[in-house]
Amino acid sequence: MRITFCSPGPKPEPWLAGLRAALPGAIVEKWQPGAPQADHAVVWSPPQQFFDEQPGLKGVFNMGAGVDALVKCKLPPHAVVVRIDDAGMAVQMAEFVCHAVIRHFRELDAYEADIARGEWTYRKPLARADFPVGVMGLGVLGERVARAVAQFDFPTLGWSRTPRQVAGVRCFAGAEQFDEFLASTRVLVCLLPLTPETQDIMNARTLGLLRHGGYVINVARGAHLVDEDLLALLDSGHLAGAALDVFRTEPLPAGHPFWQHPKIAVTPHTSARTLRDESIAQIAGKILALERGEPVAGVVDPKRGY
């Protein structure tokens with residue numbers, strides 16, 4: 001069995017060494033143009049040339065949960081496309097989102113500003129019932145986030161394309177329930193996959209449906225959010241703030257208004273990082289399962305985009 005590795009991002013050597021250790025009977029090599037035909041590929045944002053030269057791939061394993069860059073390519077017709085379906089990312093995402101929710105709800109950003117000015121202040125505690133948290137996207141990561149938020153006794157809502165049931169979460173589904181979900185939400189968390197249908201989904205109309213004083217947390221993809229619409233709603237006072245971890249252009253360009261806006265907290269796409277050892281173990285297990293003809297979790301429908 002031959003496995004090829006193609007990624008412009010992470011250094012290949014630790015991945016190659018880990019895959020060789022996990023699959024001792026396989027030939028594992030970094031892809032170069034003109035390389036021999038492989039059985040399976042481990043990739044992140046590969047060029048189209050890679051797939052053009054590897055038409056016989058049986059499995060394409062994405063090194064993360066988001067596959068929007070991958071499904072833009074023309075993929076081998078018979079390849080099974082598989083994404084990472086947790087590998088330690090869900091708990092990272094849950095802790096990141098809970099931190100952002102609690103920081104806003106407890107007004108810790110305002111306390112930090114007061115302390116920086118040398119002011120010792122108190123604020124009246126707010127009521128959790130007034131801060132319903134709505135999670136868009138109830139996949140592996142979204143469900144874990146929603147369940148974690150609910151543990152802090154916030155009213156928790158979830159919206160997905162198709163009906164889902166999550167304990168402790170009021171679930172909405174489909175286009176017919178989307179506006180009701182938004183109108184019931186004060187803190188909106190985006191964990192949707194990026195597809196043509198979800199691009200720009202957070203815009204003037206949809207964000208305008210949130211309860212007055214709404215707060216936006218985007219940990220999915222920057223293209224879900226219309227930047228100008230968010231800024232306008234923040235400046236008008238309809239939205240109270242935003243915590244943004246993902247952006248249309250990354251790194252966030254110097255001079256972008258998000259850097260200095262007083263109501264926006266920016267982090268460098270770090271809400272859930274790929275954990276190499278856990279990911280290698282998961283990918284290796286799935287490759288062996290495919291070789292045995294067994295079903296695997298995390299299979300992607302390229303036409304649907306996730």
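In which loop is the place of glutamate 107? I found glutamate 107 in the loop between α3 (89-105) and α4 (108-116).

**Ground rules**

I am working on a predicted model, where local features need pLDDT of at least 70, side-chain atom pairs count only at pLDDT 80 or more, and totals for chains, interfaces and linings use all residues. Residues are numbered from 1 along each chain as its sequence is written, and side-chain values use heavy atoms, with hydrogens and water left out.

I stayed with glutamate 107 for a moment. Its phi is positive, about 60°, although glutamate 107 is not a glycine. Glutamate 107 is partly exposed, with a relative accessible area of 24%. I noted the cut-offs here: buried is under 20% relative accessible area, exposed is over 50%, and partly exposed is in between (1.4 Å probe, protein chains only).

Histidine 269 came next, with a positive phi near 50° in a residue other than glycine. I located histidine 269 in the loop between β12 and α9 (276-291), and histidine 269 is partly exposed at a relative accessible area of 30%.

Then I checked the peptide bonds. Glutamate 250 and proline 251 are joined by a cis peptide bond, with omega about -5°. Proline 251 sits in the loop between β11 (239-244) and β12 (264-266). I wrote these cases down because most residues other than glycine have a negative phi, and most peptide bonds are trans.

**Entry: the whole chain**

How many helices and strands are there in the protein? I read off 9 helices and 12 strands; helices (H or I, at least four residues) and strands (E, at least two) are DSSP runs, numbered from the N terminus. The radius of gyration is 21 Å, close to the 19 Å that the globule rule gives for 306 residues, so the protein is as compact as a globular protein of that length. For the record, that radius is taken over C-alpha atoms, and the rule is 2.2 Å times the number of residues to the power 0.38.

I also noted the box that the C-alpha atoms fill, roughly 65 × 40 × 30 Å along the principal axes. Of the 306 residues, 48% count as buried. Looking at contacts (heavy atoms within 4.5 Å), I saw that residues 24 or more positions apart account for 60% of those with a separation of 6 or more.

**Entry: parallel strands**

I followed the pairings next, where two strands pair if DSSP finds at least two bridges between them. β6 (residues 133-136) and β7 pair in the parallel sense over 4 bridges, with valine 135 opposite glycine 158 in β7. β6 also pairs with β9 in the parallel sense, over 4 bridges, and there valine 133 has valine 187 as its bridge partner.

From β9 I went on to β10: 4 bridges join these two, which run parallel, and valine 189 stands opposite isoleucine 217. Strand β10 (residues 214-218) is joined in turn to β11 by 5 bridges, again parallel, with tyrosine 215 opposite glycine 241.

Which residues of β7 are on one side and which on the other? I listed Thr156, Gly158 and Ser160 on one side and Leu157 and Trp159 on the other, all of them buried. With 5 of its 5 residues buried, strand β7 (residues 156-160) is largely enclosed by the rest of the structure. In β9 (residues 187-190), Val187 and Val189 point one way and Leu188 and Cys190 the other way, and all are buried. For β11, 5 of the 6 residues are buried, so that strand is largely enclosed as well.

Is threonine 206 buried or exposed? Threonine 206 is buried, with a relative accessible area of 5%, and lies in helix α7 (residues 204-208). Leaving aside neighbours within four places in sequence, I found threonine 206 in contact with Phe178, Leu182 and Ile201.

Threonine 121 is in the loop between α4 and β6 and is partly exposed at 26%. With the neighbours within four places in sequence left aside, threonine 121 is in contact with Tyr111 and Asp114. I also checked its C-alpha against that of lysine 286, 165 residues apart along the chain, and got 54 Å.
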